[in-house]
Structures are given as structure tokens and as C-alpha cells.
Amino acid sequence: MSSASIGFICIGLMLVLLAIRIPIALTMAIAGFVGFAWIIAFDPAMAILENAPFETLTNYNFSPIPMFIFMGVLASRSKMSDQLFSGARALFGAWRGGISLAALMSCGIFSAISGSSVATAASMSRVALPEMRKHGYADSLATGTLAAGGTLGIMIPPSIALLLYALITEQSVGDMFMAGLIPGLLGLVLYAVTVTIIVRLNPALAQPGEATTLAQKLLGLKGLLPFTSVFAIIIGGIYLGLFTPTEAAAVGAFSTLIIAVKRGMGWAGFMDALQETLITSAMIFFMILGAEIFGFFLSVSRISFELVDYVDALNLSPYMILFAILLLFMLLGCVMDSIAMLLLTVPVVFPLVQAAGFDPIWFGVVAVITVELGLITPPVGMNVFVIKAFAKDVSIGNIYKGVMPFVISDLVRLALIIAFPVLALGLL
């Protein structure tokens, strides 16, 4: 039996394990170990199990992950998100749908130092959802806005998804962050346009807010300063070459810690933030470890090369290949966590992307936007379930109803970036 045939059998094993709800990290590790042992030998496979955890957990390139998570946790636990939302709300004053717009703006700014969609959705839901419901916003609009706004955390740098993609494909992390900036801001703008259209077509969904004076608006800008300052330090430092992305993560985390301490965070709050960071980081690193073992198996099975040869034989155009890959991402996004999906699929499809002649940085942005759709599409939609935890009396169906206009908005953004690659590559 050929290596590729064994490889496809092991992928079938992995699908079975996923179907019986084995965690994705363990699924990748089991399939990778079995496949490598079958193709090579049992003892080398055991050697991988012995060495891979140490090599992965001590890899300097992965060190920004806990730092970016720590930044988001500190910002949430020090109530920086409260001040951020209050400032954004003051800017939009008495606009109909203004609280939704403020929530979206807050999500975009919060994600700029969080790097996590789930953290963004959870933090902003805690402060914005009660306000929207208090002012008579329809549950579908309130929950849909926050579920969609949370997805900005996966694109606006610093982004854990962009970081992992860069590490998997051996691209520059700094270039990936720069490439994600305009598409991330474009997503924020299109979401705001979506809310404006929704409330214009159906004014009953959102009530006007309280009017604010120019002085109040200017004072509200103060709430944005901590986030914009940290964001400027991180992105400005990387762009100007003052420090590497890894160093930027440490500088950003330290800057956020100083702000949190100044806002009254004590030792107990710091330890809670540290514990939450460790738990989340451990979950992500477990998935990275599983993907590492799965990657050893992919390299010896030659599945990727077989796929490239097969696609070449079909004589498909590059864009037909791209659309097939994106369709796969969308389907998997409906049932799988976004980070796990990137770790699982990118090593397989990346050779196809290279063979088709697409820019790897551009494809990374397109891939992450497509993965982002999975955060708000049924049946899994991670952000939808985060919002559900804060709005227990709102049905999942109602939340998905509110999210659908934002899904359309994301599809428009995806089409724009495919049609105009300069939107992702213009800053490089």
C-alpha cells in the first residue's frame, strides 16, 4: 500500500474521531501518530511523541501567543472595556442604532490588543449587551452585532490566527500583521454600514440614543486612549523595525499591565488574569502540538504532493482551485473551531496555493476571513455561543437571524479582497 493511500485512511480515521467528539487536538495527534507509525515505524513515531512536546512548548516563535492572550485578559479584567464602550457611545450620541455602532467600534478597538475573537465577544458583550437591551434594541440586532463584532479579533492585528498562519507557512509575522490591518478595518466599516442599513430599513429594531455635547464627545475620546496607545506601540514598533513581533507582544503585554495597575488592578486580579491566560494558552498549545504531530505524518505520507498532482491533472484555473479551498474552509468552519481548522487544513492546502501562483501573504488574509465566517455560522459558530452565555433568554435561532446580515457583509469583504489584492498587500 502506498504512503498516500495510508495517509487518506488515517484522514478517514481522523474524521471518525471528530464525529465521535474526540477533541481536535487529540484527534490530530492520534491520526498523526498512527499514520507515521504505519508508514515509517513504531519506534520513530514514539520518538516524535517524546520530542515534539518539548520542541513545541519551547519554540521561541510561539511565545507571542500567551502575551497577546494576556493583553486581552488584562484589558477585560481591569474594566478597560467599560471605559472603551462609554467613550465610543458618547461619540455616536443620539444616532439611531448608535449603541450598536459604538459596540462595533469598541469590538474593533478592543480586538486591536486582544488578538482573540472569543475574548473580544465576551468582553464587549458584558458591557454593551445590557445597554442595548435597556434601550429597546431588538434581541436579534443586539446579539448579532456583538457576535459579528467579536470576529474582528481574528483579523485586526495583533491576531493569533494571523500569527499561527505565518508560523505554519513560514511567512513573516510582521508582514502578516500589516496585511491584516486594512482588511480588518474594512470589516469594521462594512459592519457599521450593515447596521446603518438595517436600522434604516426597520427603524423599530433600534431606538435613538441619548444626545451628547461636543465636550462629552471629546471626553469620550479619553476612553479610547489606552487601547490606541498600546496598538500604536505594537504596530508602530513592528512597522518601524524597532522590535520583532515577539518583542512587540512582550512590550504590549507590559504596557497593558501598567494601564491595568493604574486602573486599580490588585494582586488577586493579576493572579486571576494570569490563570485565565494559562488556561487559554494551554488549550491553544495543545492544538499546536497535535498539529505538529499531524504535520510529521503529512510530510511522510506525501498527501499534499498527491493533491497537487491530482489538481494539475484536472487543469483547473487558479481561481477555481481557490474557490474550492475557500468552500472547504466555509464548510469546516460550520463545525470546527477556527484555530483548529487553520492548524489542520493549512499544511494540506498550502502547496496547492503555491502551485496555483497565489501570494502566500494575501492568501493568509483571505483564509483568515473565511475562517472568521465560521465563528458566526451554524451549527457551531463559537461567537454565537459566547453571546448566548450572556443572553440566556435569547434563542440560538434568533442570534443567528441577527448575524446573517453580517455574514453577507463578510462575503462582500472577501470578494473585494479577492478582486483587489492591494487591499491586503498595499502596506507591504
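Here is a short chat about reading a few features of this predicted model.

Biologist: Let's start with helix packing. How are two packed helices described?

Modeller: Two packed helices are described by the angle between their axes and by how far apart the axes lie. Here, take H5, residues 80–92, and H7, residues 117–134: their axes are 9 Å apart and meet at an angle of about 45°. That angle makes H5 oblique to H7.

Biologist: And is the crossing of H5 and H7 left-handed or right-handed?

Modeller: Right-handed, for H5 and H7. On the H5 side, Ser81, Asp82, Leu84, Phe85 and Arg89 make the contact. H7 brings Ser123, Met124, Arg126, Val127, Ala128 and Glu131.

Biologist: How do the residues in that contact of H5 with H7 divide?

Modeller: Five are nonpolar, four are charged and two are polar.

Biologist: Now a single residue. Is Thr27 buried or exposed?

Modeller: The cut-off for buried is under 20% relative accessible area. Thr27 has 0% relative accessibility, so Thr27 counts as buried. You'll find Thr27 in helix H2, residues 24–39.

Biologist: Which residues does Thr27 touch, leaving out those up to four places away in sequence?

Modeller: Thr27 touches Met14, Leu17, Leu18 and Ile22.

Biologist: What about cysteines: how many disulfides are there?

Modeller: To count, a pair of cysteine sulfur atoms must be within 2.5 Å. By that rule, the count is zero disulfides.

Biologist: Is Cys10 buried or exposed?

Modeller: Cys10 counts as buried because its relative accessibility is 1%. Cys107 is buried too, at 1% relative accessibility.

How values were computed: Residues are numbered from 1 along each chain as its sequence is written. This is a predicted model: local features need pLDDT of at least 70, side-chain atom pairs count only at pLDDT 80 or more; totals for chains, interfaces and linings use all residues. Side-chain values use heavy atoms; hydrogens and water are left out. Axes are lines fitted to C-alpha atoms, for helices over the stretch in contact, and angles run from 0 to 180 degrees between N-to-C directions. Helices (H or I, at least four residues) and strands (E, at least two) are DSSP runs, numbered from the N terminus. Angles under 35 degrees count as roughly parallel, over 145 as roughly antiparallel, 65 to 115 as roughly perpendicular and the rest as oblique. A crossing is left-handed if the near helix is turned anticlockwise from the far one by less than a right angle, and right-handed if clockwise. Contact means heavy atoms within 4.5 Å. Ala, Val, Leu, Ile, Met, Phe, Trp, Tyr, Cys and Pro count as nonpolar, Asp, Glu, Lys and Arg as charged, and the others, Gly among them, as polar. Buried means under 20% relative accessible area, exposed over 50%, partly exposed in between (1.4 Å probe, protein chains only).
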